[in-house]
Amino acid sequence: MATRSGPIATLAKIGFALPFVGVGGWAFVAALRDVAVGHSSAWVGLPFGGAFLFAGGMIIRGALLDTQSPEARAAKKRRPLPKSDVLPPAAERDVYRHAAGLSRSARELYADVLDTAPVQRLETLPGRVLARTISLHSTASTAAEVVFMVVWNGITWPFFLVMVESRNILGSLFLLLFVSIGSYVTFAFVRRRIGRRRLPRVEISAEPTYLGDELSIHVDQSGPARVTRYRIGVSCKEVVRYSVGTSTRSEEHVVFERTLFDEPGRSVARGEHWTHDLVLTLPADAPASFASENNQLLWLVTVHAEIAGWPDYDEGFSFRALPRPAT
């Protein structure tokens, strides 16, 4: 639940933003001064200073907005929900009232309406052991991370190198903070991408599946990998997006979670496969998969692996759980 920030947290955020404002203002003013005396190369400093001034200003603005209560923030941003969020079209409402063919699988029953129903659009492939192979669900935007890394590092590194070459110790130390941020984000991104090279193949007996039905899960971890801990489970989480000022935030709430396997791992040799076959009966009264512009209910097969000498991974593989029509 969104809460207001305390004074210490607010001061910490403002303190974090001050270096952005300081270096941005310094670079912007210095560039304007150099342009005024005819240094054409000084135009390069204007976007740098402007970008950091804008970033620092937005952080300070967000910190001040967070001091308000959620009710006050909602009142300022209140707007009517789009029709699709209030009342789905008739075709989507009728999905959950369709009573024909109760013995048919969920894929057969919902086949004609999956493209229009308020659920996730998933691409699945035929499985080798079970019916369908399900794919990775990523909560992070890879494209957004790449753009941030390119822009951030592209701005900070050239100015940092200029300061180092000119032996400006104060400027070099100041810019080192921003270079470190870009380097850390890049390292975390590369580490996560490398970790995903060890991801398993996950198959389930039906996709989509009915709530209340027994779901079989097959997880195939290939080598080489020295797994020190392995955990497999099924979870359902609610993801809500909302706006605060000009920024968009998201919150997650776990609705259902069940661990099916959690044991120390083993060494998996190159070309070897370490497989797990698990069964879970999905609760019939759990919420069904749902997706709209600002709200999602996601069902996931979660796999967490700690691998010696290799980045760990903790990922979810998406599937859809839909209600069985009533008689």
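## Sheet, ring pairs and backbone features

Asp220 has Thr275, in strand E10, as its bridge partner. The structure described here is a predicted model. Strand E10 belongs to an open sheet of five strands, and one of its residues, Trp274, also takes part in an aromatic pair with Tyr230.

**The open sheet**

- The five strands are ordered E1-E2-E4-E6-E10, and their pairing is antiparallel.
- In general, the strands of a sheet are paired by backbone hydrogen bonds, in a parallel or antiparallel manner.
- E6 and E10 are antiparallel and are paired over nine bridges.
- Strand E2 (residues 132–134) is joined to E4 by three bridges, and these two strands also run antiparallel.
- Arg132 stands opposite Ile204, which is in E4.
- The covered face of E10 consists of Trp274, His276, Leu278 and Leu280.
- The uncovered face of E10 consists of His273, Thr275, Asp277, Val279 and Thr281.

**Aromatic rings**

- There are seven aromatic pairs in the structure.
- In one of them, Tyr230 and Trp274 are tilted, with 5.1 Å from centre to centre and 45 degrees between the planes.
- Tyr230 is in strand E7 (residues 225–244) and Trp274 is in strand E10 (residues 273–281), so this pair ties together parts that lie 44 residues apart in sequence.
- Both Tyr230 and Trp274 are buried.
- Phe256 and Trp299 form a tilted aromatic pair, with 5.6 Å between the centres and 45 degrees between the planes.
- Phe256 belongs to strand E8 (residues 247–264) and Trp299 to strand E12 (residues 295–307); the pair links distant parts of the chain, 43 residues apart.
- Phe256 and Trp299 are both buried.
- Phe148, Trp152 and Phe178 make up one aromatic cluster.
- Arg198 has its charged end over the ring of Trp310, at 4.0 Å from the ring centre.

**Backbone features**

- Most peptide bonds are trans, and most residues other than glycine have a negative phi.
- The peptide bond from Glu207 to Pro208 is cis, and its omega is near -5 degrees.
- Pro208 is located in the loop between strand E4 (201–204) and strand E5 (209–210).
- A cis peptide bond also runs from Gly223 to Pro224, with omega near 5 degrees.
- Pro224 is located in the loop between strand E6 (214–222) and E7.
- Arg167 is a residue other than glycine with a positive phi, near 60 degrees.
- The loop that holds Arg167 lies between helix H7 (142–165) and H8.
- Arg167 has a relative accessible area of 75%, so Arg167 counts as exposed.

- The relative accessible area of Leu176 is 37%, so Leu176 counts as partly exposed.
- Leu161 and Leu176 are separated by 15 residues in sequence, and their C-alpha atoms are 9.9 Å apart in space.

Terms used
Residues are numbered from 1 along each chain as its sequence is written. This is a predicted model: local features need pLDDT of at least 70, side-chain atom pairs count only at pLDDT 80 or more; totals for chains, interfaces and linings use all residues. Side-chain values use heavy atoms; hydrogens and water are left out. Buried means under 20% relative accessible area, exposed over 50%, partly exposed in between (1.4 Å probe, protein chains only). Rings of Phe, Tyr and Trp (its six-membered ring) pair if their centres lie within 6.5 Å; planes under 30 degrees apart count as stacked, over 60 as edge-to-face and the rest as tilted. Helices (H or I, at least four residues) and strands (E, at least two) are DSSP runs, numbered from the N terminus. A charge sits over a ring if NZ of Lys or CZ of Arg is within 6 Å of the ring centre and within 35 degrees of the ring normal. Two strands pair if DSSP finds at least two bridges between them.
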